[in-house]
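Me: Hi! I have a model open here and would like to talk through parts of it with you.

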Amino acid sequence: MLLATWLSTVSDGGVFRLALSAAFMCGCSTSAPQSHPLADSSTPQGLDAGAPEDSSVVPCSTPVDMRPEGGTCVLRAEGKVTDSVGAALPQLIVTLCGPAQCFGGRADDAGAFTIRVGDFLQTENYAVHVDGRPDHAVDYLRLAHAAPEVVSTTMRSPTLAPSTVSLPADGAAASKITVGELTLLVAAGTKFDLDIADFGAPEGRVLRVATVPLADAPSHSQLAKLDAVYALAPSGAKSSLKMGVMLANTAGLAPSVAVELLVLGDDYFSIPPSVGVFGVAAAAHVSPDGLTIQTDVGEGIRELTWLGVRRKGK
C-alpha cells in the first residue's frame with residue numbers, strides 16, 4: 001500500500017479523509033515508476049492535515065439514499081501500534097481504507113491512535129493498516145461485515161531483522177538468496193515491481209524477514225490456521241515470475257507431508273478485496289529428512305508480504 005509515503009507530511013495529530021483511485025494502491029516498477037497525482041506534491045492533495053474536527057458535521061448523518069448498500073455507521077477506529085512483543089511504536093501513520101476512500105491519522109508517542117470516520121461504510125471491504133517501514137513490517141486488520149461503531153484493535157508491526165541481502169537486479173540471471181530461515185529461488189529474467197514507498201529508498205530492495213511466533217502474530221494469521229508465519233520486506237514487492245521458496249521446518253511438520261504456502265493479500269480493488277486475508281499461493285512439501293519445506297516444481301509465490309505455512313487439508 002502506498003498511502004504512508006504521501007502522508008509523511010501530515011502534522012502531528014493530523015487527520016485526513018481521501019478519495020482513492022485505482023492507481024492510488026498500485027505497485028510501481030522499480031525501473032519506470034508510475035506517476036500519481038500526490039507523488040510529486042510536498043503537501044498531499046485532498047488531505048485535511050491537522051484541521052480541527054468540524055463540530056457542525058453530525059457523524060453518520062448521510063441521507064439514506066446516499067448510503068452504500070449494506071453499510072453500517074463507523075464513528076472511529078482506535079487502538080495502539082506495537083511490535084510483536086508489545087512495545088509501543090510511535091508516530092506511525094494508521095489508515096482505515098477501502099476501495100473508494102481512506103481515513104487516517106498518526107499514532108502518538110505512546111503508539112495510541114484514533115481515526116475519525118463518522119460515515120456509513122461497507123465494512124467488509126475495509127481494513128485498518130499500519131506500515132512500519134523501514135524497520136518494521138506492515139499489519140492489516142480486515143474488518144467484518146457490520147463492524148461496530150467503534151473499531152478497537154492493537155496493530156502489530158513486527159521488527160524486521162537487519163539484512164544486507166538485496167533482491168536481484170531486474171532481468172538478472174537465476175539466483176538463490178537467503179535471509180534467516182527463508183530462501184528465495186529467483187528465476188532468470190525476473191523483474192520486481194516495488195511499492196512506491198520503497199522506490200528509490202536506501203533499503204528499498206533489501207530482503208528482510210521476521211519470524212513471528214504464532215502466539216504473537218496478528219489475527220489474520222490465527223484465522224488462517226497457520227503452522228508458521230513470516231513478515232517479509234520489501235512489503236508489496238511483486239515479481240514478474242514465480243519465486244520458489246525454501247524454509248527451515250521450524251514448525252516441526254512431519255517429513256514429506258504436503259504443505260500450502262499462503263500470502264497475505266493487500267489489494268483493495270480486487271472483488272472481493274484481498275487485503276488482510278491470506279490466500280493459498282503455492283504447493284510445497286516437507287523434505288524427506290524433515291529439515292526444510294520447499295515449493296513443488298513449477299510452484300512459487302509472486303509477492304512479498306506476510307508468508308504463511310499450513311499443512312494441506314488443515
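Me: In what order do the three strands of the open sheet run, and what is the pairing?
Reply: The order is 6-3-9, and the pairing is mixed. Strands here are DSSP runs of E with at least two residues, helices are H or I runs of at least four, and both are numbered from the N terminus. Two strands pair if DSSP finds at least two bridges between them. This is a predicted model, where local features need pLDDT of at least 70, side-chain atom pairs count only at pLDDT 80 or more, and totals for chains, interfaces and linings use all residues. Residues are numbered from 1 along each chain as its sequence is written, and side-chain values use heavy atoms, with hydrogens and water left out.

Me: Which are the edge strands?
Reply: Strand 6 (112–121) and strand 9 (150–156), as each pairs on one side only. From one strand to the next the twist averages 20°, with axes as lines fitted to C-alpha atoms (for helices over the stretch in contact) and angles from 0 to 180 degrees between N-to-C directions.

Me: Are strand 3 and strand 9 parallel or antiparallel?
Reply: Strand 3 (residues 72–82) pairs with strand 9 in the parallel sense, over seven bridges. Glycine 79, for instance, has threonine 153 in strand 9 as its bridge partner.

Me: Switching to disulfides: how many does the structure hold?
Reply: Two, where a disulfide is a pair of cysteine sulfur atoms within 2.5 Å. Counting bonded cysteines along the chain, the pattern is 1-2, 3-4.

Me: What can you tell me about cysteine 60 and cysteine 73?
Reply: A disulfide joins them, with S to S at 1.9 Å. The torsion about their S-S bond is about 85°, so this disulfide is right-handed. The pair links distant parts of the chain, 13 residues apart: cysteine 60 sits in the loop between strand 2 (28–29) and strand 3, and cysteine 73 in strand 3.

Me: Is cysteine 60 buried or exposed?
Reply: Cysteine 60 counts as buried because its relative accessibility is 12%. Buried means under 20% relative accessible area, exposed over 50%, and partly exposed in between (1.4 Å probe, protein chains only). Cysteine 73 is buried too, at 14%.

Me: And which cysteine is joined to cysteine 97?
Reply: Cysteine 102, with S to S at 1.6 Å. The link of cysteine 97 and cysteine 102 is right-handed, with 110° about the S-S bond. Cysteine 97 is buried, with a relative accessible area of 0%, and cysteine 102 is buried at 0% as well.

Me: New topic: how many residues of strand 14 are buried?
Reply: Six of the six residues of strand 14 (residues 228–233) are buried, so the strand is largely enclosed by the rest of the structure. Both faces are covered, with Ala228, Tyr230 and Leu232 buried on one side and Val229, Ala231 and Ala233 on the other.

Me: In what sense do strand 13 and strand 14 pair?
Reply: Antiparallel, with five bridges between strand 13 (residues 208–212) and strand 14. Valine 209 has leucine 232 in strand 14 as its bridge partner. Strand 14 also pairs with strand 20 (residues 306–311) in the antiparallel sense, over four bridges; there tyrosine 230 has leucine 307 in strand 20 as its bridge partner.

Me: Last one: where does serine 221 lie?
Reply: Serine 221 lies in helix 2 (residues 219–223). Serine 221 counts as buried because its relative accessibility is 1%.

Me: And what does serine 221 touch?
Reply: Leaving out residues up to four places away in sequence, serine 221 touches Leu226, Val229, Phe278 and Trp306. Contact means heavy atoms within 4.5 Å.
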